[in-house]
Amino acid sequence: MKVFGRIIKGIGGFYYVHDGKTVYECKARGIFRNISRKPLPGDIVEIETFSDGCANITDICERKSELIRPACANAEKALLFFAVKDPEPDFLLIDKLTIYYKSRGLSVIPVFNKSDLASAETFGSIEKMYRGTGFRPIFISVKNRVNIDLAKDMIKGGLTVISGPSGAGKSSFINLISPEADMMTGEISEKLGRGRHTTRHSQLFHVGDETYIMDTPGFTAFELPGIKPAELKDYYPEFELYESKCRFPDCVHIGERDCAVKDAVSDGELSRVRYENYRLLYNDTIKANKYV
Ligand SMILES: Nc1nc2c(ncn2[C@@H]2O[C@H](COP(=O)(O)OP(=O)(O)OP(=O)(O)O)[C@@H](O)[C@H]2O)c(=O)[nH]1
Ligand SMILES: [Mg+2]
Ligand SMILES: [Zn+2]
């Protein structure tokens, strides 16, 4: 029998394929027409099932997108999942991930969890930082069940990858929204009093109709691949309003004189944190592009 489904994980030479109801354990034996590389989580595949319970992947559908972090096919959205506190948000990592996912054609949804640990003042300063960027952070608390439906609505349809540092609450969030997830999260077991259950493998979870979310291990370091220095400012759209007033029409807002973007940062109209991230990443992309 032929069935279509999505690969939810690959472990030890087996791929697990979900068709909306059932999970099939499959081997990849097919000669794949469209893709020469091996199957990835997120791939939509055709499988052949046999009466003895075995199943083979016989074809992989053409991919809409492909990511290296996490290794995954067909993701449409990236949920940037940070905490307002514990761990503190790393705004440079947020910018890097935003640029990476946007450059791969994904839409980016920024979420700050653990809103129960911070004040309205913290939310206000984060909101202010992203003013004019088109990036609208939402504040949730998995612990107190605040804004969970809002976050769930934002990932409706297709595949979302969740991405952020260890301990932000990614697995806790997925446990809450996926009826099938029952993962170990970073809670320190009181009985055992040892060890944290940090996520070690990427895996897709079914959230609802045609909606999947991919849990990933947390990370703190990320090198931005394949961005040209001149492209970088496209990811800082809040600069646009000031750019026409820079003295030089090709101003990149780094070392130039009479730069309206730098003036706006000094006047507190643009976020200094975002600008400093831009400067740092600009220098990184200059270095990275020197040797290619
Ligand atoms: N105060 C508070 N704690 C939370 C909240 N959500 C999750 N936590 C706690 O944060 C810790 C880490 O949660 P996890 O869900 O394991 O974090 P993770 O992002 O999956 O971490 P990795 O798998 O290591 O990447 C756990 O102790 C959770 O109970 C929240 O809204 N508020
Ligand atoms: Mg986890
Ligand atoms: Zn300028």
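A residue is called buried here if 20 or more other C-beta atoms lie within 10 Å of its own, exposed if 12 or fewer do, and partly exposed in between, with the C-beta atoms placed from the backbone. The model is a predicted one: local features need pLDDT of at least 70, side-chain atom pairs count only at pLDDT 80 or more, and totals for chains, interfaces and linings use all residues. Residue numbers start from 1 along each chain as its sequence is written, while chains are lettered from A and ligands numbered from 1 in the order in which they are written.

Helices (H or I, at least four residues) and strands (E, at least two) are DSSP runs, numbered from the N terminus. Arg145 counts as exposed because it has 10 C-beta neighbours inside 10 Å. Lys114 has a phi of about 65° and belongs to the loop between strand 9 (107-113) and helix 2 (120-129).

One runs from Arg69 to Pro70, with omega near -10°; Pro70 is part of the loop between strand 6 (66-68) and strand 7 (71-73). Another joins Asp86 and Pro87, this time with omega at about 5°. Pro87 falls in the loop that links strand 8 (75-83) and helix 1 (91-103).
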